[in-house]
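Subject: Structure for your review

Dear colleague,

Please find below the structure that I am handing over to you. A summary of the findings follows it.

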Amino acid sequence: MNDKEARLRRLPSVDSLLGQTPIQELIDSHSRELVIDSIRQTIDSARQAIVDSRPVETDLRALLSRVEQHLRESTRPSLRPVINATGVIIHTNLGRAVLSVAAREAMLAAASSYNNLEFDLGTGKRGSRLSHAGQLLRALTGAEDAVVVNNNASALVLILSALAQDREVVISRGQLVEIGGGFRIPDIMRESGAHLVEVGTTNRTRTADFAAALSERAAMLLRVHASNFKQVGFVEQPPLSELAALARERGLLAVDDLGSGTLLDTASFGLEREPTIQESVAAGVDLVCFSGDKLLGGPQAGIIVGRSGAIEALKRHPLARALRVDKLTYAALIATLQHYRRGEALKCIPVWQMISRPLDDIRARASFWAEAVGGVIIEGESTVGGGSLPGATLPTALLAVDCDAPDLITARLRQAETPVIARIADGRVLLDPRTVLPAQDEALLQALQDAI
Ligand SMILES: *Cc1c(COP(=O)(O)O)cnc(C)c1O
């Protein structure tokens with residue numbers, strides 16, 4: 001009998017592991033099925049390692065500890081909190097906007113009790129959920145009415161399906177964009193049954209180009225904000241107010257997909273100017289749509305504001321039912337909008353706290369990290385991200401950790417109890433305090449210590 005066979009024979013059976021006291025304790029706190037599954041997987045992978053001549057510890061203690069680890073990993077929720085040390089404030093892969101304390105509390109309250117989601121407390125009759133954020137959105141944007149759907153992509157689908165099906169939508173060639181994740185404006189139009197009419201050229205389009213392209217079948221002029229790229233040089237797009245005026249003159253609709261959309265002026269923070277929602281409404285377009293979880297800093301949602309007739313048509317369309325949002329989203333969105341209404345958005349909404357965080361504070365935090373785990377402080381740049389302000393950056397201070405294998409360090413950081421997402425540049429691991437929540441400092445430092 002060779003050595004391999006001997007080792008295979010010595011592997012304990014599932015039953016013999018089940019008799020061990022630590023395993024009994026695991027069964028008490030989990031379930032018998034889950035624990036048996038972890039034992040099986042542990043023994044199977046040990047067996048496979050022996051067969052493949054890979055090193056593996058097969059003593060009882062090592063096996064028990066691997067059962068426990070397997071159980072921990074297999075019962076961990078797949079969606080978990082992570083620490084965003086990338087300096088990208090609205091990071092789509094990391095869940096975009098972190099919600100304010102008030103928004104989180106509102107979600108908890110909505111989840112913990114019945115509520116008046118579709119109930120009119122005045123009349124005691126059925127109410128409409130679609131009316132909930134309406135008043136705040138009217139007050140904040142100056143629009144006549146509003147409707148909220150699942151996200152901004154679905155807002156566009158609803159607008160095009162309800163108001164331009166089988167008709168023509170005119171758009172500048174420079175705005176036939178891909179937003180990300182394969183979401184392309186021409187595809188959305190096709191799916192919604194609208195016919196795309198491109199006008200102008202990649203770099204220059206004028207109002208006259210739109211006017212010349214309007215046929216009997218035209219329904220809408222659409223502007224799409226170039227959220228994630230920048231055109232510079234010999235470029236021109238018609239002012240929104242001209243498009244709105246042209247649409248009105250011809251009895252058509254003008255629609256502005258702002259993408260991120262913002263209620264605050266980003267130029268006050270040394271950033272470029274992202275067009276504001278109020279400006280688009282004031283320019284006279286019929287509908288403006290934007291995301292809830294980009295610069296607004298709220299939950300995932302697609303918010304459409306505009307003229308009451310057009311909003312009413314959207315609310316009546318069957319897709320509005322399919323794309324509607326739940327009570328938790330309304331709760332978080334209303335709480336977020338209230339911050340703007342009370343003039344406390346900068347103070348209370350994490351996205352704006354991060355944008356407006358003073359460089360000195362960021363540097364002090366990076367120094368505190370360096371004292372705890374080593375590394376040096378270097379100048380760097382944070383970005384807003386999330387399809388807003390392409391190319392715009394905020395000066396920041398980074399903790400730079402020199403190491404032989406930065407890939408290995410970032411991989412270890414991702415395996416931490418609370419995974420840490422960092423970037424690598426010039427062979428160093430870089431961590432940006434701007435996007436790390438203050439409450440996560442301790443977990444970050446622990447993860448860094450373990451990784452280095
Ligand atoms: C981000 C973006 C969208 C999609 O918004 P979601 O809320 O992510 O669905 C649509 N249009 C533009 C211009 C965008 O920037």
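**Pockets and ligand**

The lining of the largest pocket consists of 17 nonpolar, 19 polar and five charged residues (nonpolar: Ala, Val, Leu, Ile, Met, Phe, Trp, Tyr, Cys and Pro; charged: Asp, Glu, Lys and Arg; polar: the others, Gly among them). A pocket is an open set of points on a 1 Å grid over the protein atoms alone, where a 1.4 Å probe fits, with protein on both sides within 12 Å along at least five of seven lines; lining residues have an atom within 4 Å of a point.

This is a predicted model, in which local features need pLDDT of at least 70, side-chain atom pairs count only at pLDDT 80 or more, and totals for chains, interfaces and linings use all residues. Residues are numbered from 1 along each chain as its sequence is written, and side-chain values use heavy atoms, with hydrogens and water left out.

The ligand takes up the space of the largest pocket (more than half of its atoms lie within 2 Å of the grid points). Around the ligand are 14 residues (a heavy atom within 4 Å), and the closest include Asp-257 and Ser-227. Oxygen atoms of the ligand lie 2.6 Å from a polar side-chain atom of Ser-291 and 2.9 Å from one of Lys-294. A polar backbone atom of Ala-153 is 2.9 Å from a ligand oxygen.

The second largest pocket is lined by 21 residues, with His-225 and Phe-229 among those nearest its centre.

Yours sincerely

Terms used. A polar contact is a pair of N or O atoms within 3.5 Å; within protein, one must be able to donate a hydrogen and the other to accept it, and residues adjacent in sequence count only if both atoms are side-chain atoms.
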